[in-house]
Amino acid sequence: MSCLKLILPLTLLTNMAFASDITKNTINGVAVESIKKDSVRTYSGSISKTFSTSIKNVIRSIVNFNEKCNNGLKDKREFTDKNTNCKYHNENLVETVVIKDINKAGWAKENGEIERYLLARHIYNRGKFTHYELIRVYEQTNSQNQKTVKITQTMINDKEVKKYTQPKFDKDSAFDQVISTFVVTEISQNQTNLYYEYKAETDHWMLNKEVSVPQVFASMSKGINDLIKAMDQESRVPARDVAAN
């Protein structure tokens, strides 16, 4: 989930218990939390889902970033074909450019890391917003000797972007930090578990207020459930393997 629709009907939320510095709830299966410390508010949302398909198909359903957008915003695209239709809906996402041809100097792969690349994101939510995200893919084995793949999706600042590529735009976001983490575990040949977590930090004057928490919670729940729905649909599509010669 790369963006939040901030204004939603408050009727989506009921029986929410508020505290002065921390608020928790579960909305449509998504565990959401908000913590306020000084002038910074942190939002998080998480969900676990088991898919009846292979780990390969689940991973494919995560990394098809340029197939997720809002086709109703295609006239606002600046970097991708306006005639292309995304397969899966993402409410505020105008377009994504996947950049795999990155500068290899100045950084080293972390332990278990097998791939690293960038996403250039263009968002519209009552105005234009832009940022870059760093994608890192790790292969691991858990304590039950099961294959796991972790994919992290992290918003990065302009200085870090320049380590990898020549930027198309500067960062313009209501959030200071955003990170999404996918942990995919192979249960069996045709059963795969996903744990997904989204975290965002902001000192934005509106998103920081307690009155905004219910709206952001509702948006996070919808965005995460939309993501899981898209993953479920894509993971059921037969793998597009190229036949061997």
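Let me start with a term: a residue is buried when its relative accessible area is under 20%, exposed when that area is over 50%, and partly exposed in between, using a 1.4 Å probe and protein chains only. By that rule Y132 is buried, because its relative accessible area is 2%. I will come back to Y132.

Some housekeeping. This is a predicted model, in which local features need a pLDDT of at least 70, side-chain atom pairs count only at pLDDT 80 or more, and totals for chains, interfaces and linings use all residues. Residues are numbered from 1 along each chain as its sequence is written, and side-chain values use heavy atoms, with hydrogens and water left out.

Now confidence. pLDDT is the predictor's confidence in each residue, on a scale from 0 to 100. The protein averages 89, and 89% of the residues score at least 70. Residues 3-19 stay under 50, and the model has 44 contacts for them beyond four places in sequence; contact means heavy atoms within 4.5 Å. Residues 241-245 are also below 50, with one contact beyond near neighbours in sequence.

Next, the sheet. Helices (H or I, at least four residues) and strands (E, at least two) are DSSP runs, numbered from the N terminus. Two strands pair if DSSP finds at least two bridges between them. In general, strands of a sheet pair through backbone hydrogen bonds, either parallel or antiparallel. Here we have an open sheet of nine strands with antiparallel pairing, in the order β1-β2-β3-β11-β10-β9-β8-β7-β6. Its edge strands, β1 (22-27) and β6 (93-99), each pair on one side only. From one strand to the next the twist averages 15 degrees.

What lies across β1, β2, β3, β10 and β11? Helix α3, residues 213-235, does, running at about 30 degrees to β3. Axes are lines fitted to C-alpha atoms, for helices over the stretch in contact, and angles run from 0 to 180 degrees between N-to-C directions.

That brings us to the core. A nonpolar core is a set of buried Ala, Val, Leu, Ile, Met, Phe, Trp, Tyr and Cys residues joined through side-chain atoms within 4.5 Å. The largest one has 36 residues, and I62, I151, F182, L194, Y196 and M231 touch the most other members. Helix α3 supplies the largest share of this core, eight residues. Apart from it lies another core of twelve residues, among them I99, W107, Y164 and F169.

Last, the aromatics. Rings of Phe, Tyr and Trp (its six-membered ring) pair if their centres lie within 6.5 Å; planes under 30 degrees apart count as stacked, over 60 as edge-to-face, and the rest as tilted. The structure holds five such pairs. One of them, F79 with F169, is tilted, at 5.7 Å centre to centre and 50 degrees between the planes. These two residues are 90 residues apart in the chain. F79 is partly exposed because its relative accessibility is 32%, whereas F169, at 12%, counts as buried. Y132 and F169 have ring centres 4.8 Å apart and planes at 35 degrees, so that pair is tilted. Together, F79, Y132 and F169 form one aromatic cluster.
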